[in-house]
Each structure stands twice: as structure tokens, then as C-alpha cells.
Amino acid sequence: MTPVTSKQYADDVSLLMVLIDTNPLFWSSTAAPLSFSKFLSQVLSFVNSILLLNQLNQVMVIATGLNSCDYIYDSSSGPTTPRFDTLLQKLEDFVVKDEELNKDDSVDGIGSSLLSGSLSMALCYIQRVFRSGSLHPQPRILCMHGSQDGSGQYVAIMNSIFSAQRSMVPIDSCVIGSQHSAFLQQASYITGGVYLKPQQPDGLFQYLTTVFATDLHSRSYLQLPKPVGVDFRASCFCHKNTIDMGYICSVCLSIFCKHHKKCSTCGSAFGQPQTNISASNQKTKAP
């Protein structure tokens, strides 16, 4: 992959990928601390502030649904500043199309958004920007997530995290749900991003502007939130359950909650029990 440091604008020029959780099951539940319209209004104000900080800044908004993801707004091809009614209409159209898809095809059942898909789309767009010209802004990803983690997406999400790490693209996380996200905790920790769960979601815009609006160069001069504890537990490949202790295949590094005679991923036969692993000593870098 093309390294980020190869051909940049000035240090304060950013390419911000904003991933918005549009899961209707989350926003209609009691776990949502505010209404979706109020959430979108504050996110839109934040996007406009990013574009006003530097005329070379770029913002891409990606909607994360239950069964699909889609590009909603691109500052490089659309209006300079997005309008609330226009963005809301695009999101409503996306949610309708997403609900029309067969829910049996969703990655991880009811309540879990397709975070792995939106991360992959963000990284693909960043790679396209890398190859589009002689100069590019510093990319970063901001996940605005509220839905619960889907254990069935563990492999795809970890692949995206390691891809972002290799490309030197930090993944920032703003969790607006009632529970912390182990996936996003690992994503921010491994890629050098910022993980934040606002204590007062009604003041979301203030959190976004004071923590996530700063460019990568300026972050070294600020006291940004640091992770208190990161949940490094993995999900087993056999039942998609989050486990504290398990067995790992020495050939393909697949993780299982119980001992198997044969690896279901690579087909390797195990003459002896696989290596036992725990969340406390799991490595945080790509093999």
C-alpha cells in the first residue's frame, strides 16, 4: 500500500472519513441517548467546521446500515458545505434501501451494524485518493458508532484495522451507545487514534470539535483522551463468541473456543492441542 508520508500537503490538511451508524434498531431503542435528527444536526455542524478550518480539507461521509454501506457525501465532488435537509434525505433513502435487503444476509444478526463494510469502503477511498494525484491530505477515519459489536465481523474488522495500521491511517472512535465497543477500542489503540465515549451526548458537537477536529500534527501538542482499558478479547471462528481463553491454529492463526482435531479454516490436522491463548497476552499488531 502507498504510505501516507509519501506525498502530502501541509501538516494541517486533512481527509476525514466520517462513518455514521444509521442502524434503525439502535436509534429506535432506549440505548440511543438522543434522537437521530439531533445527532445528525451536530455531526453536520462538525463536518462544516472541518471544511472551514482549511479550504484544502476533504470530508467523506459513509452510512453504516444493517446490511449495506454507502457513500453519502463527498466534499470533493458535492457542495462545499452540506445541507441538513439534503443529507437527511440521502440517509433516509439509504435506510429504506438497506431495510429492503434480506436480513438473513446480514453479517451478524439483529442489532449489529456493518462496521466492517464501512471501514473497508473508507480504506478503499483513501487508497484511491493516494493514487489520484501528486499530493494528498493526511487521512483519518472517525467512527460514529452506537450499535453493539457483531462477533461475526471480527475477522473482517481486524483485517481492516491492520490495513489501516500499515497505511498509517488512525481510526478515531466516538461511541454514542450505552456500552463500550471492544472492536473500536482495539481499532483506536492499534492505529494510534482517539477513543471517546461522551458522558453527555447532548453536547456531542463540543466533544467532536475539541477532540476530533484537530489535525494529526496538532494532536502532539494537546492532551487528548487516553484509553483507560482496552478489551483485547477475540471472537472464536467456530461459534463467533467472544472468549477470554481459547486455542489458536499455528498455521493460519484461527481462534477456537474448544480443541479441534482439524482446523476448519485451513484444514491443518492437529496432532496435539493448539496453542492456548488469553486476552491478556494477545498481540496487537498484524502477524
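## Burial and overall make-up

Of the 287 residues in the protein, 51% are buried. The model is a predicted one. Its secondary structure consists of seven helices and eleven strands.

Contacts can also be sorted by separation along the sequence. Take the contacts in the protein between residues at least 6 apart in sequence: 69% of them join residues at least 24 apart.

## How α2 and α7 pack

Two packed helices are described by the angle between their axes and the distance between the axes. Here, helix α2 covers residues 36–53 and helix α7 covers residues 204–212. Their axes lie 9 Å apart, at an angle of about 30°. Angles under 35 degrees count as roughly parallel, so α2 and α7 are roughly parallel to each other. The crossing of α2 past α7 is right-handed.

Which residues meet? From α2 come Phe39, Gln42, Val43, Ser45, Phe46 and Ser49. From α7 come Leu204, Phe205, Leu208, Thr209 and Phe212. By class, this contact of α2 with α7 holds seven nonpolar residues, four polar residues and no charged residues.

## Cysteines and disulfides

A disulfide is a covalent bond between the sulfur atoms of two cysteines. In a model, the test is a pair of cysteine sulfur atoms within 2.5 Å. By this rule, the count is zero disulfides.

Are cysteine 69 and cysteine 143 buried or exposed? Buried means under 20% relative accessible area. Cysteine 69 has a relative accessible area of 16%, so cysteine 69 is buried. Cysteine 143 has a relative accessible area of 1%, so cysteine 143 is buried too.

How values were computed:
Residues numbered from 1 in each chain as written. Predicted model: local features only at pLDDT ≥ 70, side-chain atom pairs only at ≥ 80, totals over all residues. Heavy atoms only, no water. Buried < 20%, exposed > 50% of the residue type's maximum accessible area, 1.4 Å probe, protein only. Axes fitted to C-alpha atoms, helices over the stretch in contact; angles between N-to-C directions. Helix = DSSP H or I, 4+ residues; strand = E, 2+ residues; numbered from the N terminus. Parallel < 35°, antiparallel > 145°, perpendicular 65-115°, else oblique. Left-handed = near helix turned anticlockwise from the far one by under 90°. Contact = heavy atoms within 4.5 Å. Nonpolar A, V, L, I, M, F, W, Y, C, P; charged D, E, K, R; others polar.
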